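Take a look at the model below. We will start with the overall fold and then move to the ligand.

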Amino acid sequence: MTGNKTFTMIKPDAFAAGNSGAIIKMIEEAGFSIKAMKLVKLSAEKAGGFYAVHKERPFYNDLCKYMSSGAIIAIILEKENAVADFRKLIGATNPAEAAEGTIRKLFAKSIEANAVHGSDSDENAAIEGSFFFSELEKF
Ligand code: GDP
């Protein structure tokens with residue numbers, strides 16, 4: 001059975017460029033509803049904790065530096081088939097490979113500064129949402 005929640009972040013490049021409103025509009029128009037949302041600035045340590053699964057990858061240190069370089073917006077979203085539908089809406093990790101009309105194609109600057117995060121499984125959506133929000137903060 002597929003879940004109905006996913007977790008996203010508007011990453012520092014997209015927030016700094018003033019694209020948060022346009023991105024949230026696309027997300028809502030695609031049928032997702034916002035269950036929790038906050039503006040956060042991660043420390044490098046916190047970013048490292050969030051991306052701990054990527055610890056062995058060569059870009060891990062750069063990723064932590066980038067994700068703590070400015071404000072982000074953390075959001076829990078709800079929709080039927082949320083994880084898969086959201087990954088489709090954002091497009092491939094590398095914007096050069098992202099499909100036309102996807103959020104990353106429209107707003108990402110590079111494979112690292114790629115505008116948005118999207119959970120890759122129901123299990124990770126729950127873990128990532130709880131990284132930023134307590135039960136009381138979720139609608
Ligand atoms: P995602 O699920 O599409 O976000 O991609 P991954 O889980 O593979 O990677 C997590 C994040 O690490 C990506 O969204 C990028 O911000 C960053 N990233 C992925 N691949 C690379 C890379 O080859 N180089 C750099 N610098 N960053 C990367």
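Seven helices and four strands make up the protein in this predicted model. Follow the chain from the N terminus, and the elements come in the order β-α-α-β-α-α-β-α-α-β-α.

Next, consider the overall dimensions. Along the principal axes, the C-alpha atoms fill a box of roughly 35 × 35 × 30 Å. Does the radius of gyration of the protein agree or disagree with that of a compact globule? The protein has 139 residues, so a compact globule would have a radius of gyration near 14 Å. The protein has 14 Å, which agrees.

Now turn to the ligand. Where does the ligand sit? Look in the largest pocket. The residues around the ligand are Lys11, His54, Arg57, Phe59, Leu63, Arg87, Thr93, Arg104, Ile111, Glu112 and Asn114. What kinds of residues form this shell? Five are charged, three are polar and three are nonpolar.

Start with threonine 93: one of its polar side-chain atoms lies 2.6 Å from a ligand oxygen. For lysine 11, a polar side-chain atom is 2.9 Å from an oxygen atom of the ligand. Histidine 54 has a side-chain N or O atom 3.1 Å from a ligand oxygen.

How much of the ligand does the protein bury? Taken alone, the ligand exposes 550 Å². The protein buries 81% of that area.

Conventions:
Residues numbered from 1 in each chain as written. Predicted model: local features only at pLDDT ≥ 70, side-chain atom pairs only at ≥ 80, totals over all residues. Heavy atoms only, no water. Near = heavy atom within 4 Å. Polar contact = N/O pair within 3.5 Å; in protein donor to acceptor, adjacent residues only side chain to side chain. Areas by Shrake-Rupley, 256 points an atom, 1.4 Å probe, with all protein chains shown as cover. 1 Å grid on protein atoms, 1.4 Å probe; cavity = no way out; pocket = protein on both sides within 12 Å on 5 of 7 lines; lining within 4 Å. Sits in = over half its atoms within 2 Å of the grid points. Nonpolar A, V, L, I, M, F, W, Y, C, P; charged D, E, K, R; others polar. Helix = DSSP H or I, 4+ residues; strand = E, 2+ residues; numbered from the N terminus. Rg over C-alpha atoms; globule rule 2.2 N^0.38 Å.
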